Amino acid sequence: MSRIPVILTCDLEPADRETAIGEAGDWAGLEEVVQGISALRPRLAKATGAPVHFNWFLRLDPQVEKSYGSATWLTDRHGPMIRALAAEGDELGIHAHAYRWDDATATWVIDHGNQAWVNHCIASSVDAYRKSFGRLPRAFRFGDHFMNNATMAFIDRAGFRYDLTTEPGFASAPGILKSERTSGALPDYRAMPRAMYRPSRLDYQRPGLWLRRK
């Protein structure tokens with residue numbers, strides 16, 4: 001019987017999408033989610049007869065910094081819990097969103113149409129990750145399954161080895177929620193591959209042959 005690999009990802013982030021400025025409280029349900037998923041480890045290992053490792057993607061971006069006072073709030077407040085996951089062999093990656101605070105309207109804007117801001121959200125998250133763990137991250141997931149060729153090129157240059165952003169089957173839309181302020185648009189994933197592949201340097205939604213990424 002052949003084995004089918006399964007990748008389970010969990011984004012560790014605030015429960016509220018539009019976080020309050022100066023928020024001091026904890027992230028609702030964070031510890032319960034980590035404990036609940038971690039409790040599956042021995043059961044899944046017994047059922048599959050193989051080691052089980054999960055993928056945790058951490059919010060360390062400008063929205064977290066603006067609302068909680070530090071981009072490393074998550075790793076500062078829950079350091080022992082996160083280090084325990086790493087000790088189990090789990091992957092700790094980055095989950096970045098493109099929320100930008102607009103002072104003029106005192107609201108959040110999901111600024112996917114601003115590539116410079118998108119790049120900043122990624123770069124600042126990488127910096128916060130390095131401060132937290134003393135190394136660079138390997139895995140990445142952008143928030144709201146947003147991706148484009150420029151962003152894929154940026155995370156490639158940043159040294160990421162794995163991207164788990166894309167979610168095949170989704171059609172293009174301005175954003176996840178109609179009530180949120182957004183720029184740009186979410187991509188159309190209906191025709192992209194449903195298996196792992198090395199993306200082309202010309203089109204991240206296609207496997208690369210001669211022009212594939214590392």
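**Helix 5**

I started with helix 5, residues 79–87, and found Gly79, Met81, Ile82 and Leu85 buried (buried is under 20% relative accessible area, exposed over 50%, partly exposed in between, with a 1.4 Å probe and protein chains only). Helices here are DSSP runs of H or I with at least four residues, strands are E runs of at least two, and both are numbered from the N terminus. The model is predicted: local features need pLDDT of at least 70, side-chain atom pairs count only at pLDDT 80 or more, and totals for chains, interfaces and linings use all residues. Residues are numbered from 1 along each chain as its sequence is written, and side-chain values use heavy atoms, with hydrogens and water left out.

The face turned away from the buried side carries exposed Pro80, Arg83 and Ala87.

I looked up what covers the buried residues, and the cover includes helix 1 (30–38), helix 2 (40–48) and strand 3 (91–96). Contact means heavy atoms within 4.5 Å. Just after helix 5, Gly89 has a positive phi of about 90°.

**The core**

Next I checked the largest nonpolar core, which has 42 residues. Such a core is a set of buried Ala, Val, Leu, Ile, Met, Phe, Trp, Tyr and Cys residues joined through side-chain atoms within 4.5 Å. Leu12 and Trp56 are among the residues with the most contacts inside it. Helix 6 gives the most to this core, with 7 residues. Leaving out residues up to four places away in sequence, I found Leu12 touching Trp27, Leu30 and Trp56, among others.

**Helix pairs**

I then compared axes, which are lines fitted to C-alpha atoms, for helices over the stretch in contact, with angles from 0 to 180 degrees between N-to-C directions. Helix 6 and helix 7 (residues 149–157) come within 10 Å and cross at roughly 30°. They are therefore roughly parallel (angles under 35 degrees; over 145 is roughly antiparallel, 65 to 115 roughly perpendicular, the rest oblique). Val118 and Ile122 of helix 6 are among the contact residues, as is Phe154 of helix 7.

**His112**

Last, I found His112 in the loop between strand 5 (107–111) and helix 6 (115–133). At 5% relative accessibility, His112 counts as buried.
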